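Morning, everyone. Please have a look at the structure on the screen. I'll walk you through it in a few minutes.

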Amino acid sequence: PVLSGPRGKTYAFKGNYVWTVTDSGLGPLFQVSALWEGLPGNLDAAVYSPRTQWIHFFKGNRTNLQCVT
């Protein structure tokens, strides 16, 4: 999945890893759980709501909510 997230950042997810994406290319590689504690890898989708400032992560039939400040 690819997420257009808070503060104009774009994130690309693959397996247990996430990268930031800029006009210059991929940023550093992180484990998903290193950026969002307790969040599993291998996500199916992620959606950011600018109105609520929440990112909704989906995996299988589970939804994990993560607050972004």
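Strand E2, residues 10–14, and strand E3, residues 17–22, are joined by 5 bridges and run antiparallel. Two strands count as paired if DSSP finds at least two bridges between them.

A word on the source. This is a predicted model, where local features need pLDDT of at least 70, side-chain atom pairs count only at pLDDT 80 or more, and totals for chains, interfaces and linings use all residues. Residues are numbered from 1 along each chain as its sequence is written, and side-chain values use heavy atoms, with hydrogens and water left out.

Now the sheet around that pair. It is an open sheet of 4 strands, ordered E1-E2-E3-E4, with antiparallel pairing. Which strands stand at the edges? They are E1 (2–4) and E4 (25–31). Each has a single partner strand, so one side of each lacks a neighbour in the sheet. On average, neighbouring strands here are turned by 25° against each other, direction ignored.

Next, the whole chain. The protein chain has 1 helix and 7 strands. From the N terminus, the order is β-β-β-β-α-β-β-β. These are DSSP runs: helices are H or I with at least four residues, strands are E with at least two, numbered from the N terminus.

Finally, burial. Of the 69 residues in the protein chain, 30% are buried. Buried means under 20% relative accessible area, using a 1.4 Å probe and protein chains only.

Terms used:
Buried < 20%, exposed > 50% of the residue type's maximum accessible area, 1.4 Å probe, protein only. Axes fitted to C-alpha atoms, helices over the stretch in contact; angles between N-to-C directions.
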